[in-house]
Amino acid sequence: MYRIAVCDDESTICAQIESIVLRYSEKADIAIDVPVYYSGEELYKELQRGTVFDLIFLDIELRVLNGIEVGKRIREELGNEIVQIVYISSKQGYAMDLFDVRPLHFLLKPIDEERIIGVIEKMRGLHERRSQFFKFQIGKEYYKIPLQKILYFESCGKKIHLISEDEIFEFYGKLIDVLKELDKQDFLWIHQSYIVHNLYIAKYRYESVTLINGKEFPISQPFRKEVREWLMGRRREGK
Amino acid sequence: MEKSTAALLYLSGNLFRIYVIYRFFKLFFEKAYRRNTLILAAYAAYFILNSLAFLLLESPYINLFTNLFCTFLLTYFYDARLRMRLLAVLMIYAINLTCEEIIYRISLAVNSAETLTVSIIAPNLLLLPLVLSFGKLIDLKFGQRVSFVEWICMIFVPILSIFILSFAFNGNADDTMAAIATAGLLVMNILVFHLFDHISSGYQKEYELAFQRQQNEAYENQLRLQKKADRQMEVFRHDIKNHLIALQSLAEFKDNDGLVSYINEMTTFVQKPELLIYSGNTVIDSILNIKLQQAKEMGAEISTEVNLPEQVPVSPLDLNIILANLLDNAIQALQSCSIKQLFVSVTYDKNVLYIEIENTYKEKLLTKGSKLLTTKKEKAGHGVGLSSVEQAAARYEGHVEVEHTETMFTVSVLLYCFSQQENYIIKQ
């Protein structure tokens with residue numbers, strides 16, 4: 001079951017998107033819940049309450065809190081990287097602020113049904129990949145953690161540190177073996193000692209990557225060209 | 001040989017050697033000077049100390065020691081770590097010794113008599129092209145163009161000077177004149193290369209200027225299109241009253257079809273038909289609009305995906321070089337196609353800029369005698385412009401990839417964004 005929020009101060013737009021999504025859910029035969037909000041504050045309050053959304057269609061020109069502000073708060077104050085945001089606007093030409101929210105897409109009004117569906121399918125693909133689990137063993141206990149919670153892996157001697165949103169796990173292993181278990185579409189081996197999750201990367205540079213928490217990881221020389229090719233490849237396949 | 005002549009020769013040779021060290025350090029330490037005037041004073045002091053040590057002490061070991069030590073001290077006028085400083089000194093000395101060795105061997109083989117010229121002047125003349133070539137190789141790495149003429153000049157002027165030198169001292173009675181001639185030759189080398197630097201930076205500037213002009217044209221075109229669109233909007237706004245009356249009467253008469261078609265007409269009018277791209281980023285908008293207009297006039301089917309911030313940390317000049325060249329190639333390829341399709345994508349994500357241009361093309365069939373040869377990838381749309389694009393991309397540690405199927409030709413470019421002031425070698 002997916003939950004897709006629509007947030008726009010124009011009720012006609014909301015109704016339009018809602019009906020497109022519901023039509024899609026019938027056709028694709030999956031359950032989708034489509035709550036509608038007419039202001040950024042309403043949506044934000046709902047998120048603060050802990051409601052989980054898979055995708056948010058967010059208008060930028062909202063009355064009090066504009067869409068970019070809302071997006072920023074979702075990423076920074078709530079620390080939520082997982083919810084996909086698709087911006088909707090009647091005009092183009094926004095500053096870097098918008099891109100710092102790392103939206104999935106940007107759509108222009110008038111609403112195009114095909115594009116809405118395209119975005120939903122993209123979201124589904126990502127969701128399926130990210131809800132897979134990474135399994136590991138500490139002593140005699142088995143653990144599993146959903147991929148979307150993993151920020152990065154670090155190797156320290158014979159052990160691997162798994163850094164997730166909430167805690168750090170330590171287990172015996174080698175990065176090469178860890179890499180085999182991971183989806184190469186999302187995880188990147190950038191250094192002898194690091195595997196980083198693309199979801200939590202805020203900036204790519206040729207020699208380093210910076211995570212959303214500000215931490216910078218070097219990309220070692222032999223990996224740089226590969227990382228660049230990986231970026232190009234993903235781009236061609238449509239992220 | 002008289003002592004004064006020898007001294008003159010030594011001083012000129014030493015001066016020249018120090019000039020070469022100056023050039024080498026300028027290249028080696030990217031973030032150079034603390035203060036320009038202080039540097040020159042330091043080099044002058046180096047020259048004086050060094051020469052005095054040689055002329056007065058006449059001990060080769062003390063000479064070597066003072067040389068190395070003073071060169072090392074010079075590195076403190078540049079911003080670098082200790083190991084880089086040591087490396088710089090070691091490198092220049094290694095190259096220097098190599099040059100001396102080469103000249104020595106050659107002079108033995110040729111049985112040359114003049115020892116002072118051989119041991120001091122010639123090696124330094126050889127040192128210069130080596131250091132300059134090193135510099136040009138660094139330029140190439142940073143995407144600057146180095147012409148064939150530059151290479152020829154860099155290598156042959158000093159080497160020819162060495163030949164001329166060997167004549168200057170061949171059994172010549174007037175040693176003093178020969179010594180002055182040698183000093184003159186060295187000064188000439190320095191002047192030639194200074195002149196050369198000015199000329200090559202001039203070429204580079206001209207090249208950039210050409211693109212600036214293109215960019216300006218694109219901006220002007222953009223402005224014109226926007227003004228036109230604004231004027232149309234003005235007229236529309238003025239007429240809105242009449243439009244509303246028309247709509248009202250259509251609604252009252254419940255003429256739904258009439259109503260819908262009237263509204264559709266208004267909507268198409270409100271769109272900006274000639275401004276194909278309006279992403280908000282003026283640089284991209286201007287270049288794309290002017291080029292896509294050409295494609296449209298050819299009857300091409302155009303689709304685009306432009307999604308980037310109003311300002312990206314990539315220089316407009318480089319964006320122009322990349323987009324203008326790729327689009328020119330694409331448009332040229334489209335000319336010989338019956339089905340003309342063009343797809344342009346410029347997107348930004350996590351500090352990376354992606355550019356993709358896809359177009360239909362016709363594989364030209366070449367004939368050689370009676371045989372039919374199909375084009376290689378290199379000929380189909382791989383214009384001269386592509387190397388400029390690769391150089392521009394290299395400035396951002398980026399990459400260019402060219403692919404093609406039987407019908408479609410695709411060029412993809414990836415750039416890591418950063419503002420050039422931070423990272424490009426500041427050429428002075």
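**View 1. Chain B as a whole.** In chain B, residues 24 or more positions apart account for 70% of the contacts with a separation of 6 or more; contact means heavy atoms within 4.5 Å. This is a predicted model, in which local features need pLDDT of at least 70 and side-chain atom pairs count only at pLDDT 80 or more, while totals for chains, interfaces and linings use all residues. Residues are numbered from 1 along each chain as its sequence is written, chains are lettered from A and ligands numbered from 1 in the order in which they are written, and side-chain values use heavy atoms, with hydrogens and water left out. Chain B holds 12 helices and seven strands. Helices (H or I, at least four residues) and strands (E, at least two) are DSSP runs, numbered from the N terminus. Of the 428 residues of chain B, 44% count as buried. Buried means under 20% relative accessible area, exposed over 50%, and partly exposed in between (1.4 Å probe, protein chains only).

**View 2. The five-stranded sheet of chain B.** This open sheet runs in the order β1-β2-β3-β7-β6, with mixed pairing. Two strands pair if DSSP finds at least two bridges between them. At the edges stand β1 (301-307) and β6 (399-404) of chain B. Each has a single partner strand, so one side of each is left without a neighbour in the sheet. From one strand to the next, the twist averages 10 degrees. Axes are lines fitted to C-alpha atoms, for helices over the stretch in contact, and angles run from 0 to 180 degrees between N-to-C directions.

View 3. Strands β2 (residues 341-349) and β3 (residues 352-360) of chain B pair in the antiparallel sense, over eight bridges. B:S345 has B:E356 of β3(B) as its bridge partner. B:N351 sits in the loop between β2 and β3 of chain B. Its phi is near 75 degrees, a positive value in a residue other than glycine. Most residues other than glycine have a negative phi. B:N351 counts as buried, at 5% relative accessibility.

**View 4. A helix of chain A against the chain B sheet.** Helix α7 (residues 221-236) of chain A lies across β1, β2, β3, β6 and β7 (408-416) of chain B. This helix of chain A runs at about 130 degrees to β7(B).

View 5. Helix α3 (residues 60-74) of chain B has 15 residues, which should span 21 Å at 1.5 Å a residue. Its end C-alpha atoms are 21 Å apart, which agrees. The expected span is 1.5 Å times one less than the number of residues. Buried in α3(B) are B:N63, B:N67, B:C70, B:T71, B:F72 and B:L74. B:F69 also lies in helix α3 of chain B, but B:F69 is partly exposed, with a relative accessible area of 43%. B:F69 and B:R83 are 14 residues apart in sequence and 15 Å apart in space, C-alpha to C-alpha. Helix α4 (residues 82-110) of chain B has 29 residues. From first C-alpha to last it reaches 42 Å, close to the 42 Å expected at 1.5 Å a residue. The buried residues of α4(B) include B:R85, B:A88, B:V89, B:I92 and B:Y93.

**View 6. An exposed loop residue of chain B.** B:K254 lies in the loop between α7 (175-252) and α8 (256-270) of chain B. Phi of B:K254 is near 55 degrees, another positive value in a residue other than glycine. B:K254 is exposed, with a relative accessible area of 72%.

**View 7. Two helices of chain A side by side.** The axes of helix α2 (residues 40-48) and helix α3 (residues 67-76) of chain A come within 10 Å and cross at roughly 10 degrees. The two are therefore roughly parallel to each other; angles under 35 degrees count as roughly parallel, over 145 as roughly antiparallel, 65 to 115 as roughly perpendicular and the rest as oblique. On α2(A), the contact is made by A:G40, A:L43, A:Y44 and A:L47. On α3(A), the contact is made by A:V70, A:R73 and A:I74. These residues divide into five nonpolar, one polar and one charged. Ala, Val, Leu, Ile, Met, Phe, Trp, Tyr, Cys and Pro count as nonpolar, Asp, Glu, Lys and Arg as charged, and the others, Gly among them, as polar.

**View 8. A cis peptide bond in chain A.** The peptide bond from A:K109 to A:P110 is cis, with omega near 5 degrees. A:P110 is in the loop between β6 (105-108) and α5 (113-130) of chain A.
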